[in-house]
Amino acid sequence: MEQRLSLVTLGVDDIAAARAFYSRLGWRESSASNDNVAFYQLGGIILGLYSRVALAEEARLPDAGDRDRFGGIAVAYNVREKNEVDDVLAEAVTAGGRLLKPGEDVFWGGYSGYFADPSGHVWEVAWNPFFPIGEDGAISLPD
């Protein structure tokens, strides 16, 4: 198996509300989207928004349906400059997200905070001086 992440699908409570949230963040939906799923090109990976119930069904898992329960995963959005963290967190809250943790200096040498989207998915917004971001938005690990 090649070392790669191709697509992240977030199970959402309300596809229309989720679409509206990401649209308010300025994200553009792909023409590959339809009434049941929304796709967004994020650099070298794709984000999908799909019904939480349908996603659980497809994976043959029970759906806890509790958006306030931590699902054990956080999606990260890294920024190029430290001061951008607070700006992005504010933008997410204005768009309908919920602030979980304001930006702060963190033990590993960066600066980060967290918000939840309307379905409760946790997003970290981070400035990491050790992982550069290219002009195309791709993040790089040191060798």
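Predicted model: local features only at pLDDT ≥ 70, side-chain atom pairs only at ≥ 80, totals over all residues.
Two strands count as paired here if DSSP finds at least two bridges between them.

**The whole chain**

Let's step back and look at the chain as a whole. It has 3 helices and 7 strands, and from the N terminus on, the elements run β-α-β-β-α-β-α-β-β-β. The radius of gyration is 16 Å, close to the 15 Å that the globule rule gives for 143 residues, so the chain is as compact as a globular protein of that length. The C-alpha trace spans about 40 × 35 × 25 Å along its principal axes.

The accessible surface comes to about 9200 Å², and carbon and sulfur atoms hold 52% of that. Looking at contacts with a separation of 6 or more, 48% of them join residues 24 or more positions apart.

The strands sit in sheets, and strands of a sheet pair through backbone hydrogen bonds, either parallel or antiparallel.

β1 and β3 run parallel and are joined by 6 bridges, with leucine 7 having isoleucine 46 in β3 as its bridge partner. The hairpin of β2 and β3 has 2 residues between the strands, and glycine 43 takes a positive phi near 60° in it.

**The sheet of four strands**

The other sheet to look at is also open, with 4 strands in the order β4-β7-β6-β5 and mixed pairing. Its edge strands are β4 (74–79) and β5 (98–105), and each of them pairs on one side only. The twist averages 15° from one strand to the next.

β4 and β7 (residues 122–127) are the parallel pair, with 6 bridges, and valine 79 stands opposite tryptophan 127 in β7. β5 and β6 run antiparallel and share 5 bridges, among them the one that makes tyrosine 111 in β6 the partner of aspartate 105. β6 and β7 are antiparallel too, over 6 bridges, and phenylalanine 115 has tryptophan 123 in β7 as its bridge partner.

Here are the hairpins side by side:

| Hairpin | Residues between the strands | Glycine with positive phi |
|---|---|---|
| β2 and β3 | 2 residues | glycine 43, near 60° |
| β5 and β6 | 5 residues | glycine 109, near 105° |
| β6 and β7 | 5 residues | glycine 120, near 95° |

How many of the 6 residues of β6 are buried? The count is 5 of the 6, so β6 is largely enclosed by the rest of the structure.

**Two residues up close**

With a relative accessible area of 1%, serine 112 falls under the 20% cut-off, so it counts as buried. Its side chain makes a polar contact of 3.2 Å with the side chain of glutamate 124. Leaving aside neighbours within four places in sequence, serine 112 is in contact with residues including Val85, Lys101, Gly103, Val106, Glu124 and Ala126.

Now over to arginine 19, which is in helix α1 (residues 15–24). Is arginine 19 buried or exposed? Its relative accessibility is 17%, and since buried means under 20%, arginine 19 counts as buried. The side chain of arginine 19 makes a polar contact with the side chain of glutamate 29, at 3.0 Å. Not counting residues up to four places away in sequence, arginine 19 touches Glu29, Ser33, Asn34, Asp35, Val37, Ala38, Tyr40 and Leu49.

Key:
Residues numbered from 1 in each chain as written. Heavy atoms only, no water. Axes fitted to C-alpha atoms, helices over the stretch in contact; angles between N-to-C directions. Buried < 20%, exposed > 50% of the residue type's maximum accessible area, 1.4 Å probe, protein only. Polar contact = N/O pair within 3.5 Å; in protein donor to acceptor, adjacent residues only side chain to side chain. Contact = heavy atoms within 4.5 Å. Rg over C-alpha atoms; globule rule 2.2 N^0.38 Å. Areas by Shrake-Rupley, 256 points an atom, 1.4 Å probe, with all protein chains shown as cover.
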